[in-house]
Amino acid sequence: MLTKLVLASHNAHKIEEVQAILSPLGITVIGATEAGLTDVEETGTAFEENALLKARAGYAQTGLPTLADDSGLCINALGGAPGLYSARFAQKHGGYPAVFNTVWEQMGDNPDRTAYFICCMALVTGPNSEHLFIGKMTGRIAPEASGTHLFGYDPIFIPDGYDVTCGVLDSDIKNKISHRAKALEKLLAYLKQS
């Protein structure tokens, strides 16, 4: 029975979110700082590879089951970019919100505004025990930024079924429909079965 889990992340908000979801199962979540994890270079060519790199490293360093994720924004008009390089793309183009202008410029007048966020979570519980959980949030790129929740690309992404960006949506709603929430749902279902 799993009672303790390392989350290979320094993001306090993410650690709290995962802890809240897993605490009903009696699982304590420890963040990367508390676990003493060293950062892993993300050299993979797919979200799954990067998540597994981080989860394997966490397990190797602590001997504890380790969960790691990799996520990004994939824009169909840009051939799936920035995708795997979403965070680096933003840094290269002045960070948020400056990068939004780069996104709109690169999309030009392409009528296809569809996009999706993807989150791939990897759970490593042993040398030969690796599991992947993938969540997607589909939607479209807004013509202008809006909202006060200024996390990443949220102010320019309108999820399917909504008329406002994730930057406007209440956090409670976003946390139920997000790509990370969907991946965590799959992880939770797996942990309940095992």
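## A quick tour of this predicted protein

The accessible surface of this protein comes to about 9,600 Å², and 53% of that belongs to carbon and sulfur atoms (areas come from the Shrake-Rupley method with a 1.4 Å probe, and for residues only the protein chains shown count as cover). Keep in mind that this is a predicted model: local features need pLDDT of at least 70, side-chain atom pairs count only at pLDDT 80 or more, and totals for chains, interfaces and linings use all residues. Residues are numbered from 1 along each chain as its sequence is written, and side-chain values use heavy atoms, with hydrogens and water left out.

**Overall build**

- You'll find 7 helices and 6 strands here (DSSP runs numbered from the N terminus, with helices being H or I of at least four residues and strands E of at least two).
- Along the sequence they come in the order β-α-β-α-α-β-α-α-β-β-β-α-α.
- The radius of gyration is 17 Å, close to the 16 Å from the globule rule for 194 residues, so the protein is as compact as a globular protein of that length (the radius is taken over C-alpha atoms, and the rule is 2.2 Å times the number of residues to the power 0.38).
- Buried residues make up 46% of the 194 (buried means under 20% relative accessible area, exposed over 50%, partly exposed in between, with a 1.4 Å probe and protein chains only).

**Threonine 66**

- Threonine 66 sits in strand E3, residues 66-75, and counts as buried because its relative accessibility is 0%.
- Its contacts (heavy atoms within 4.5 Å) include Leu5, Val6, Tyr59 and Val124, leaving aside residues up to four places away in sequence.
- A polar atom of the threonine 66 side chain lies 3.1 Å from the backbone nitrogen of tyrosine 59 (a polar contact is a pair of N or O atoms within 3.5 Å; within protein, one must be able to donate a hydrogen and the other to accept it, and residues adjacent in sequence count only if both are side-chain atoms).

**Helix H5**

- In H5, residues 98-107, the buried residues are Val99, Phe100, Thr102, Val103, Trp104 and Met107.
- Their cover includes E3, helix H4 (86-92) and strand E5 (129-141).
- Just after H5, glycine 108 takes a positive phi of about 55 degrees.

**Glutamate 49**

- Glutamate 49 belongs to helix H3, residues 47-62, and is partly exposed at a relative accessible area of 39%.
- Its side chain reaches the backbone nitrogen of threonine 45 at 3.0 Å.
- Glutamate 49 and aspartate 70 are 21 residues apart in sequence and 8.7 Å apart in space, C-alpha to C-alpha.
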